[in-house]
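Student: Hi! Could you walk me through this structure? I'm new to it.

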Amino acid sequence: MKLTTLGACAGAAALSAVVLVPPAQAAPTRDVDHAMVDCSRSSMLHVTLERERNRFEVDFEIYSAPRERWTVTIAQGGRTLHTVAKTANREGELDAWRYVPARSGAIEVSARSASGETCRASVRG
């Protein structure tokens with residue numbers, strides 16, 4: 001009889017521990033797709049698409065000449081979602097991100113440097 005009572009107490013303790021556990025937090029971001037492409041000259045464009053709840057985060061990195069100015073456009077379905085102009089740092093790296101609605105279909109990232117170099121990458125959500 002004591003074993004049954006002890007077993008019931010252990011089971012109740014385990015059940016109460018489960019009840020006391022806080023609810024699960026929001027799911028962390030996760031990579032959905034990525035692309036790394038060579039540009040028209042010597043630069044490279046790396047794009048990562050991550051899902052965050054009901055939207056996508058588009059991360060893009062450009063590796064180019066130091067302090068080179070770039071204009072980056074993010075589009076989906078022929079519609080421009082964001083355009084941003086940034087300058088690469090002293091090491092020739094440019095990092096940025098933008099949120100876009102989580103819709104199915106390709107997300108196109110195109111970049112053009114002040115010197116005329118172009119890059120294009122496509123990722124899918």
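Here is a short chat about a disulfide and some ring contacts.

Tutor: Happy to! Keep in mind that this is a predicted model.

Student: Okay. How many disulfides does the structure hold?

Tutor: It holds 1 disulfide. Cys39 and Cys119 are the partners, with 1.8 Å from S to S.

Student: Where in the chain do Cys39 and Cys119 sit?

Tutor: In distant parts, 80 residues apart. Cys39 is in the loop between strand 1 (30–38) and strand 2 (44–52), while Cys119 belongs to strand 8 (residues 118–124).

Student: And is Cys39 buried or exposed?

Tutor: Cys39 counts as buried, because its relative accessibility is 9% and the cut-off for buried is under 20%. Cys119 is buried too, with a relative accessible area of 2%.

Student: What about the handedness of the link between Cys39 and Cys119?

Tutor: That link is right-handed, with 100° about the S-S bond.

Student: New topic: how many aromatic pairs are there?

Tutor: There is 1 aromatic pair. Trp97 and Tyr99 form it, edge-to-face, with 5.0 Å from centre to centre and 70° between the planes.

Student: Why does Trp97 count as partly exposed?

Tutor: Because its relative accessibility is 43%, which falls between the 20% limit for buried and the 50% limit for exposed. Tyr99 is also partly exposed, at a relative accessible area of 27%.

Student: Which residue lies over the face of Tyr99?

Tutor: Arg55 does, at 3.6 Å from the ring centre. Tyr99 therefore has Arg55 over its face as well as Trp97 as its aromatic partner.

Definitions and conventions:
Residues are numbered from 1 along each chain as its sequence is written. This is a predicted model: local features need pLDDT of at least 70, side-chain atom pairs count only at pLDDT 80 or more; totals for chains, interfaces and linings use all residues. Side-chain values use heavy atoms; hydrogens and water are left out. A disulfide is a pair of cysteine sulfur atoms within 2.5 Å. Helices (H or I, at least four residues) and strands (E, at least two) are DSSP runs, numbered from the N terminus. Buried means under 20% relative accessible area, exposed over 50%, partly exposed in between (1.4 Å probe, protein chains only). Rings of Phe, Tyr and Trp (its six-membered ring) pair if their centres lie within 6.5 Å; planes under 30 degrees apart count as stacked, over 60 as edge-to-face and the rest as tilted. A charge sits over a ring if NZ of Lys or CZ of Arg is within 6 Å of the ring centre and within 35 degrees of the ring normal.
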